[in-house]
Amino acid sequence: MAPVSDGPVALLRTIGAAGLRHKGKLAVWVALCLAAGFFYVRTTPPTYSAAATVLLEPRRQAPSSAREIAAPSSLDLNAADSELQVIRSERLLSTVFDALALSDHPELGPQSPGPLQALSGRITGALRGALVALGLSQPPSRSAEASLRVDPRRNAFENFVRRFSARRVGQSYVLEIAYSSADPELPARVANAAASAYLLQSVSFKADAARSGAEFLQGRLDTLATQVRTAEAAVRSGTLPAQPIPDADARIIGAAQMPLGPSAPRGSLIMAFAGVFSLLSGLFVAVLASVFDRRVRLPQDLVRETGLPCLGVVPQVGSWGGQVRASGPDKSLLVTREDAGPFAAAIRDLQTAIEIAWGAGRSQGSPVVAIGAWRAGAGATLLTMNLAQLINHRGRQVSVISPDAARTQADHGKEGASLTDVIASGSAAPAAYANVEGVHLLPIRSATPQLNRFVDFRDPRAALVVAQARQRGEVLIDLPPLGESSDAVALATHADIVVLVAAEGVTSHDELNEALGSLRRAGITVIGAVINRSRS
């Protein structure tokens, strides 16, 4: 069965790979979101809510006056919305506000600004002062300052209105009156008082109509007066009327009860939301980072982006168990260490891949292999030197031409001429290689800076040096960084095949394509690339 390359399965695989690639950052993000949610739950004061429900129930009444004769006996949906606006009106809410004496309630008074509000106020004040100092604005006058003073009662009433709500339940004639407060006893009192105030307002209208009528009955007036007094007492006490009020064209079908627990913040819901949000947002950012991340990470990505086969994946030095970081001369001998199992296996696989790639196009002989990277620090020299040690331990002669050969010679107490010196001398004599741990080393650069400035590595003497080294055994050329000068391409023209090195998570696909294009324009054969310093 062919592997799935698109569709939901491929999408899930991409998301999973992105999550695993950024698992550390994803875990930190999830932990931060959960901590923020927990902090919000713990620091937000609890809010209690209570609701009373009112059923609009118009009733046909006996005609007692001209105004009551015109009163409708039925209610449509538009009229129900009108009654809802009556409940939300400032007149009714003011009646409840004054009846319960809420103007002095501490919760509705001026509150100290929070950290964000205080910071915003300081920034606004500083900007206003800067504009005044620059002459771009006028300082506030006394009349303007006086207009900004807030009436305490009005401020308390506005806070009261913000906590009050009324709505229709669907398309029914049931109205829900609710109030939220940090005081667990206040919501039920306000909701019940508002429902009673609505009944009071309705029955008061009928009482006024009965008084102004020419032919009203005293009994009818007494009945309405009793209902008015009952509703007024209910509003003042924050409860429901003690007696039925049938003339209000509505009846309360559900009394507001003191809440058993806070309605906000909903801790479990907030923590669940924080967990889900952090996970989804973290995965989304990880997928976006993977989509726009052009750095080399996986062999399949290397093949897809550059068309180059992956010849091997070499682990990061020090990333395998028990292996300590090496430095100096030890780096060129890592492949020979007993505890370098994964690294040595990767170098051996790389050598095998090079031989297979060369054998596919040639029948005999060993190739001159050039190994290079687009920028310094990708580890091309490390791979070249350890590849040379592997070839040497297999009993074959190997010569290495490298920019860092002079440093390696100095680390081992050796000295020798460079390829630049040979080209500048004009002599046909064989180059003098330094034998370091069984590997013949020839530096590329001269110790004389003036010679390095004018050397041309396309010179026939450079080809002669490579040919002479090839007669003794295998030849490896450690190329300078391809992105820094054209010397690397000039040296690569003396090689049979070139292997590019990409550092995992550092080298980009664009850099590899640039290096590949430079080499191919010069007619150089690139057989593949190796991913170095892998942490997978």
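Strands (E, at least two residues) and helices (H or I, at least four) are DSSP runs, numbered from the N terminus, and two strands pair if DSSP finds at least two bridges between them. This is a predicted model: local features need pLDDT of at least 70, side-chain atom pairs count only at pLDDT 80 or more, and totals for chains, interfaces and linings use all residues. Residues are numbered from 1 along each chain as its sequence is written, and side-chain values use heavy atoms, with hydrogens and water left out.

Start with 398–402 and 439–443: these are β7 and β9, parallel strands joined by four bridges. Pick Ile 401 and you'll find Leu 442 of β9 opposite.

Now widen the selection to the open, mixed sheet of eight strands, ordered β5-β12-β11-β6-β10-β7-β9-β8. β5 (310–315) and β8 (434–436) are the edges; each has a single partner strand, so one side of each is left without a neighbour in the sheet.

Helix α20 (509–521) lies across β11 and β12, at about 165° to β11.

Last stop: select Val 96. Not counting residues up to four places away in sequence, Val 96 touches Phe 160, Val 190, Ala 193, Ala 194 and Ala 197.

Notes
Contact = heavy atoms within 4.5 Å. Axes fitted to C-alpha atoms, helices over the stretch in contact; angles between N-to-C directions.
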